[in-house]
Amino acid sequence: MNIKNNIKLLQRELGDTKCKLIAVSKTQPVEKILEAYHTGQRVFGENKAKELEKKWNDLPKDIEWHMIGHLQTNKVKYIAPFVSLIHSVDSGKLLEEINKQGNKANRVIPCLLQVHIANEESKFGLKYDELLQLLDTVNNFPFIKVTGLMGMSTLTDDQAVIRKEFTQLKQYFDDLKSKKFSKNIEMKELSMGMSSDYPIAVELGSTMVRVGTAIFGERNKV
Ligand SMILES: *Cc1c(COP(=O)(O)O)cnc(C)c1O
C-alpha cells in the first residue's frame, strides 16, 4: 500500500468539493500514521477510546483526533481533554457524560449525533424521533456543541440502497438546518461515506468522509 499516493489521490478527488477527509487509522501503527501525516494529512479518526488516547500521546500535537466509533460512557474521560470531534453520540446518557467530562477538562466538546439509516439492526444510531428528542435536551449541556450528524449505510454492494440511505440522512440534515434550536447546536457537518461508498456520499452532500482501507489497506482482523 502506498499511503502517500492514496491520500494524494483522495485529496485530489475531494479537491473541488467542500468535503473533508478523515483518515481512519484504527489498528494502524504509529509509523503508518506518520506516513500519512507527512503528506500533510492532519485529521485522523479512531474507534476505540484507549487507542485514541495512546496515539494522541505518541504522535504530533497538531493532529486533530476524531472519535468515530461507538463510545461507552465510562471511556469518555480518556479522550475528553483533547478530542476534536465525537462523531458517534447516540444517547442522552452519553451526551450527559461528555458534558460532565468537558466540564472537568474545561472545554466545549464538538459532537455529531449518529443517526440510524441502515437496514441492519446491529448498526448504532438514533431514529429520527429520538434525534429530535435528544436535540431538545442539548441546551442543558453547556460543554457540548452539536455541529451536525453522522450516519453509516448498510454494508451492501447495492448502490441503490446506499443512495437511498444517504439521501434520507441528507434530508434529515437539511430539515434540521432550517429549524431553530438552542445556540449550542449548529447543523453544519454531515459525516457520511467510507472507503466503499464515499463517492456516493460526496455526491449526496457529505462534508466529512471517514476513509481507512482506501488509504492504509486492509486492516488485520482483531
Ligand atoms: C472503520 C470505520 C470507518 C472506515 O472504514 P473503511 O471501510 O476502512 O474506510 C468509517 N467509519 C467508522 C465508524 C468506522 O468504524
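**Cysteines and the ligand site**

Zero disulfides turn up here, a disulfide being a pair of cysteine sulfur atoms within 2.5 Å. Cys19 is in none, as the nearest cysteine sulfur, that of Cys111, is 20 Å away. For Cys111, the closest cysteine sulfur is likewise 20 Å off, in Cys19, and that is too far for a bond. Cys19 counts as buried at 8% relative accessibility, and Cys111 does too, at 0% (buried means under 20% relative accessible area, with a 1.4 Å probe and protein chains only).

This is a predicted model, so local features need pLDDT of at least 70 and side-chain atom pairs pLDDT 80 or more, while totals for chains, interfaces and linings use all residues. Residues are numbered from 1 along each chain as its sequence is written, and side-chain values use heavy atoms, leaving out hydrogens and water.

Ligand oxygen atoms come to 2.5 Å from a side-chain N or O atom of Thr213, 2.7 Å from one of Lys26, and 2.8 Å from a polar backbone atom of Gly212. Taken alone, the ligand exposes 390 Å², and the protein buries 90% of that (areas by the Shrake-Rupley method with a 1.4 Å probe).

Technical notes. A polar contact is a pair of N or O atoms within 3.5 Å; within protein, one must be able to donate a hydrogen and the other to accept it, and residues adjacent in sequence count only if both atoms are side-chain atoms. Buried means under 20% relative accessible area, exposed over 50%, partly exposed in between (1.4 Å probe, protein chains only).
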